[in-house]
Amino acid sequence: MGLLDAFAGGSDDTATENRYAILLSAGPDSAPVANNAFNYALEFDDAGYEVQVFLDGQATKWPSAFEERPDLPFSYDWEQIEQRGLLAGACGYCANAFDVVEACERSGIELLSDETEHAPSVADLADEGYEMLTIG
């Protein structure tokens, strides 16, 4: 809720007004950076905000990394994101570039495009009312 809404008597339920798209491009080689995205997603969800995590670039390697080493740091946060349905999907172009398409599919992560097109469309996310946080 904005300041003007507060003075005008607008709703104070900010949890239903904001939608967040976390565009994660940090992969397993940047685990502490990626964990910030995991934590942000869980915190938004805990507070009742709508949040979706998109795997982009090197972040498309996370399903493979956790599949190979389920004991990796931050695996609990990753599991929570998956269980809560906060993972919107992965860029198919990037997953193909990093040869992790099969790992994404085995993990049940939707590829949002094919090998010729980048995803997600940030313009579409903006049109849908998402505020974007890029991490990576």
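This is a predicted model: local features need pLDDT of at least 70, side-chain atom pairs count only at pLDDT 80 or more; totals for chains, interfaces and linings use all residues.

Visitor: What makes the pair of Tyr-20 and Tyr-49 edge-to-face?

Guide: Ring centres must lie within 6.5 Å to pair, and planes over 60 degrees apart count as edge-to-face. The centres of Tyr-20 and Tyr-49 are 5.7 Å apart and their planes stand at 75 degrees, so this pair is edge-to-face. Because Tyr-20 belongs to strand S1 (residues 19-24) and Tyr-49 to the loop between H2 and S2, the pair ties together parts that are 29 residues apart in sequence.

Visitor: Why is Tyr-20 called buried?

Guide: Buried means under 20% relative accessible area, and Tyr-20 has a relative accessibility of 11%, so it counts as buried.

Visitor: How do you know that Phe-44 and Tyr-49 form an edge-to-face pair?

Guide: The rings of Phe-44 and Tyr-49 have centres 5.7 Å apart and planes at 75 degrees, so the pair is edge-to-face. Phe-44 has a relative accessible area of 17%, and therefore it is buried.

Visitor: Which residues do ring pairs link into a cluster?

Guide: Ring pairs join Phe-38, Trp-62, Phe-66 and Trp-78 into a cluster. Trp-78 is also one of the buried residues of helix H4 (residues 75-83), and what covers the buried residues of H4 includes helix H2 (31-46) and helix H3 (62-68).

Methods. Residues are numbered from 1 along each chain as its sequence is written. Side-chain values use heavy atoms; hydrogens and water are left out. Buried means under 20% relative accessible area, exposed over 50%, partly exposed in between (1.4 Å probe, protein chains only). Helices (H or I, at least four residues) and strands (E, at least two) are DSSP runs, numbered from the N terminus. Contact means heavy atoms within 4.5 Å. Rings of Phe, Tyr and Trp (its six-membered ring) pair if their centres lie within 6.5 Å; planes under 30 degrees apart count as stacked, over 60 as edge-to-face and the rest as tilted.
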